[in-house]
Amino acid sequence: MKFGSTLLLILTLLFSSCVGEQNFFAGKGPQSHEIIKLWWTLFGIASFVTVTVSFFLVRGALKKNRDDSVNDEALGKGLVYGLIGTISLLLVIIFSTLRLGHPPEYSEGNFELKVVGKMWWWQAHYYDPEGNYLFETANEIVIPTGRPIRIKLVSDTVIHSFWVPALAGKVDMLPGRENFLVVKADEEGVFRGQCAEFCGTQHALMSFYVKAVSEDQFSKWKEKQGKKYKRIKSHALGERVFINSGCVKCHTIRGLGVATDAKYYGPDLTHFGSRSHIAAATYPNNKGHLGGWILDPQGAKPGNYMPATPLSGKELNALLEFLEALK
Amino acid sequence: MTPEEIKIQELEKAWINPPGFIGWLRIVNQTNIGIRYINTSLIFFFMAGVLGGIMRAQLAAPENELVGPEMFNQIFTVHGTAMMFLFAIPMVEGLGAYLVPLMIGTRDLSFPRLSSFSYFVFLIGGVTLFGSLLLQVAPNAGWFNYVPLALKEWSVGKNIDVYATVITFIEISALAAAVELIVTILKQRAPGMSMAKMPVFVWSILVMAFMIVFAMPGVVVGSVMLALDRLVGTVFFDASVGGDSLLWQHLFWWFGHPEVYIAFLPAAGVVSTVIPVFCRRPLYGHTAVVLSMVAIGIISFGLWVHHMFTTGIPDQANAFFSVASAMIAIPSGIQIYCWIATLWTGRPKFTTALLWCMGFVIVFVVGGLTGVMVASVPFDKQTHDTYFVVAHFHYVLIGGVVFPLFGGVYYWWPKFTGKLLNETLGKWNFWMVLVGFNVAFFPMHLLGFMGMPRRIYTYLEEMQWGPLNLLSSIGAYVLTLGFLIFIVNIIWTHFKGEKAGPNPWNASTLEWYAESPPRNYKFLEIPQVNSLNPLWEKEELKPATIGMRTDRREILITEILTGKLQAVAILPTNTIWPLVLSIATGMAFIGSIFSPWWFVGSFFLVFLAITGWFWPSRPWDEGRDV
């Protein structure tokens with residue numbers, strides 16, 4: 001009993017240190033739940049094997065009684081039993097896990113969401129159930145709860161890997177190939193994801209958020225995101241700064257009427273103000289961080305493709321007002 | 001002088017190492033080359049270890065700004081590349097080059113000039129890699145160097161060209177060493193040493209060498225295609241014009257996974273050698289251990305896709321490689337069983353060498369079990385490319401390769417130098433490394449669960465990865481201190497070390513029959529071998545034959561399976577041509593970083609060097625130096 005409670009205490013201490021937004025024990029979808037269960041099974045087996053091997057190794061080395069009662073023939077039998085045990089254990093592990101972590105039932109064919117790996121951010125395209133293109137957004141993905149959603153994962157740059165630990169295992173995004181991932185969120189919440197395949201200088205901070213909301217809110221959100229920018233008089237200066245300072249070269253605002261250069265493609269900012277974070281889920285979206293980011297993006301994330309934009313205080317303020325108003 | 005003294009004098013003369021620096025460059029003797037390999041790879045090990053220390057300093061705290069992303073990427077790439085290509089492979093090859101001829105009772109490797117060549121090529125490659133780091137143009141796309149990140153479009157600088165060049169050097173050097181080890185093991189064993197009587201370490205080197213021969217072509221093809229893509233614009237890997245980004249991964253991991261076992265098998269061979277010696281009994285289950293090593297060698301070619309479970313390969317294929325990956329646990333388990341059985345039934349003497357081997361078993365079991373975990377596809381999809389995997393392969397590579405190799409170094413040091421390493425320092429060395437290692441790498445399992453991906457130069461504070469990373473960094477510095485004790489031990493031993501006789505451990509294999517350190521001719525007479533543990537037999541070893549000439553470098557050639565005496569072969573003596581050829585090769589590859597024309601130009605130099613090498617005069621036939 002005492003041993004059991006000590007063990008429990010140690011385990012609790014060990015795994016309670018697993019915290020944080022990207023903790024895979026905080027699973028919120030059927031796939032990640034299954035993998036957590038799988039982990040505990042594997043952990044149990046591994047602990048048993050480690051303890052057994054260590055025990056025999058240390059006892060074999062230290063034991064005092066060195067008579068010849070254990071002969072090579074007995075050892076041979078032990079080897080055979082050990083082998084049979086190991087093989088059956090392995091077969092059980094492998095075959096019982098092959099089907100785990102598989103997506104919930106879903107209909108083949110259409111996908112509602114396509115995510116493209118960029119250097120170093122995430123571009124998301126939404127489609128309606130019939131497959132018609134709706135709109136584009138970046139670094140913040142909204143999905144409905146309670147039903148599986150099929151995501152197409154591609155890249156037009158280098159290899160990235162799409163990973164939201166709370167929902168499912170990772171799937172790579174490879175140039176020239178199409179991969180699919182079906183995820184299902186059981187409850188509402190915000191889950192952090194991060195690129196898991198080394199993709200260059202700013203790989204470390206290439207992250208994003210997935211927001212799971214009710215079906216109702218999801219359709220409202222989609223409707224809102226599909227809308228184009230409408231000019232607000234009081235933000236005229238900000239809009240001018242956005243167009244004249246070069247922002248528009250990379251960043252689209254649908255409805256602004258100025259085309260971006262396809263060669264330098266940055267996140268779509270049409271509904272920028274509605275996002276909780278900036279710079280690929282690195283800083284909270286507020287005027288302070290945004291201002292710092294615009295003035296010195298290389299200081300914050302060295303090597304990223306956004307150049308610094310020198311602005312006067314008045315211009316910057318107008319730009320910030322304008323961007324934050326893009327709800 | 002007695003006839004024996006005359007014989008010794010003649011042998012000394014025939015096998016002489018030329019004096020002076022130029023002479024040093026001309027030496028082809030296998031013990032010299034082996035020691036060079038071991039020393040050089042240990043130096044690279046420490047240098048790559050320092051890079052690991054820098055990474056741990058950078059990651060000790062969130063949003064640390066010690067090194068920026070560009071430098072960090074170079075550092076982790078060079079750390080991995082150096083540890084795998086400049087430490088693991090050359091270290092086991094060096095041990096093989098030094099020990100195999102001694103263990104099988106011959107006087108040198110079969111192609112002495114080739115061994116000199118392969119060493120110099122390895123040295124040039126290693127210096128190029130670390131030199132590029134000093135110039136800040138070191139490879140920066142990881143040791144796995146995935147395309148398209150490594151293609152010209154995304155890596156404009158010379159960094160990746162350095163990578164392609166350096167691994168080409170290592171390919172050449174490793175293939176040369178492998179071919180040589182295979183021929184030596186198969187054809188030069190002392191008369192009477194049939195395959196069944198071959199020491200287990202020699203088996204491990206034989207399997208390793210065959211694995212190199214089969215694995216390296218994958219990365220040879222890959223690196224040539226990569227170099228061509230970058231240099232002259234072929235588009236093997238460019239998906240936008242019909243190439244394939246996944247092809248590189250297949251080619252690389254075809255090599256990259258067996259590579260782990262290329263390093264592990266000789267390390268396991270060391271353990272199978274050291275444990276019985278200090279347990280005072282023959283290895284339990286010798287045949288089972290040998291068959292397990294052969295099985296690992298074969299199975300290891302069937303599991304490269306487990307590095308690619310997340311790339312979207314169909315489930316059916318993943319399932320196959322998943323099963324194959326888990327199957328590795330069976331032959332590994334057999335070996336562990338045999339080691340424990342040997343300890344259980346022996347009378348162990350706890351020397352530093354044995355401690356390293358026992359520490360190895362426990363650490364390796366932990367690493368192996370996390371290996372079985374990541375062999376499971378769904379589990380791997382969560383943990384792939386996270387710090388869980390970093391923890392896993394450091395348990396396997398430090399626990400499974402570095403620990404036994406250090407055990408081997410402690411065990412064979414008296415043979416290398418004639419002096420015994422200090423046991424007290426050795427035990428401090430071992431325990432510090434064991435504790436430091438676990439403190440450094442165990443927390444990484446948990447960091448993986450907390451979602452920390454690999455190869456990141458920094459992380460945000462709110463991820464809460466800070467405390468465990470700090471703990472890991474502290475462990476890393478304890479580990480470093482542990483390894484520094486090894487250096488202290490070497491220095492102490494050099495000045496004050498106890499002299500070792502030919503066989504200080506009372507070991508059973510033939511290398512302990514030679515003097516410590518061995519003479520250049522190794523054995524006065526090639527012995528007749530009648531058992532697996534010849535030095536533990538009651539009878540004295542007898543010469544296998546009489547009448548070998550002592551005025552030239554003669555060795556005995558025997559039959560592959562039975563070890564029956566077949567012929568006498570004459571080996572070449574010291575020569576400068578291997579160095580010239582390796583410099584010419586070096587110019588071709590290093591030059592091609594800058595322009596493909598260097599490759600063309602150096603072709604003529606290579607041609608000249610090979611002509612010199614194969615010049616028809618064979619003065620050594622008459623017992624003369626070149």
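Mentor: Start with the five-stranded open sheet of chain A, whose order is E3-E2-E1-E5-E8 and whose pairing is mixed. Keep in mind that this is a predicted model. The edges belong to E3(A) and to strand E8 (179-183) of chain A. Each has a single partner strand, so one side of each is left without a neighbour in the sheet. Direction ignored, neighbouring strands are turned by 25° against each other on average.

Now go through the pairs. Strand E1 (residues 113-117) of chain A runs parallel to strand E5 (residues 149-155) of chain A, and five bridges join them. E1(A) and E2(A) form a hairpin, with four residues between them. One bridge pair to find is Gly117(A) with Trp122(A), the latter in E2(A).

E2(A) pairs with E3(A) over five bridges, in the antiparallel sense. Tyr127(A) stands opposite Tyr133(A), which lies in E3(A). A helix comes in here too. H4(A) packs on the sheet and touches E2 and E3 of chain A. The direction of H4(A) makes about 85° with that of E3(A).

Next, the three-stranded sheet. This one is also open and mixed, with the order E4-E10-E9 in chain A. Strand E4 (140-144) and strand E9 (189-194) of chain A are the edge strands, and each pairs on one side only. The twist averages 25° from one strand to the next. E9(A) and strand E10 (residues 207-213) of chain A run antiparallel and are joined by six bridges. Within that pair, Gly189(A) stands opposite Ala212(A) of E10(A). Helix H4 (residues 215-226) of chain A packs on this sheet, touching E4 and E10 of chain A. Its direction makes about 135° with that of E4(A).

Step back to the domains. In chain A, the assignment gives domain 1 (113-224) and domain 2 (233-324). Their centres, taken over C-alpha atoms, are separated by 22 Å. In the contact between them, 17 residues of domain 1 of chain A meet 13 residues of domain 2 of chain A. Strand E3 (133-138) and E10 of chain A each supply at least two residues of the domain 1 side. By class, that side has nine nonpolar, five polar and three charged residues.

Last, look across to chain B. Here 69 residues of chain B are in contact with 65 residues of chain A. Several helices of chain B give two or more residues to this side, among them helix H4 (69-103), helix H8 (245-279) and helix H11 (329-345). H11(B) gives the most, with eleven residues. The chain B side has 45 nonpolar, 18 polar and six charged residues.

Helix H7 (residues 200-232) of chain B has 33 residues, which at 1.5 Å a residue should span 48 Å. Its end C-alpha atoms are 47 Å apart, which agrees. H7(B) does bend, by about 30° at Ala215(B), and Pro217(B) follows within four residues. After H7(B) comes Gly233(B), with a positive phi near 75°.

Notes: Residues are numbered from 1 along each chain as its sequence is written. Chains are lettered from A and ligands numbered from 1 in the order in which they are written. This is a predicted model: local features need pLDDT of at least 70, side-chain atom pairs count only at pLDDT 80 or more; totals for chains, interfaces and linings use all residues. Two residues are in contact if their C-beta atoms, placed from the backbone, lie within 7 Å. Ala, Val, Leu, Ile, Met, Phe, Trp, Tyr, Cys and Pro count as nonpolar, Asp, Glu, Lys and Arg as charged, and the others, Gly among them, as polar. Two strands pair if DSSP finds at least two bridges between them. Axes are lines fitted to C-alpha atoms, for helices over the stretch in contact, and angles run from 0 to 180 degrees between N-to-C directions. Domain bounds come from an automatic or database domain assignment. The expected span of a helix is 1.5 Å times one less than its number of residues. The bend at a residue is the angle between axes fitted to the seven residues ending there and the seven starting there.
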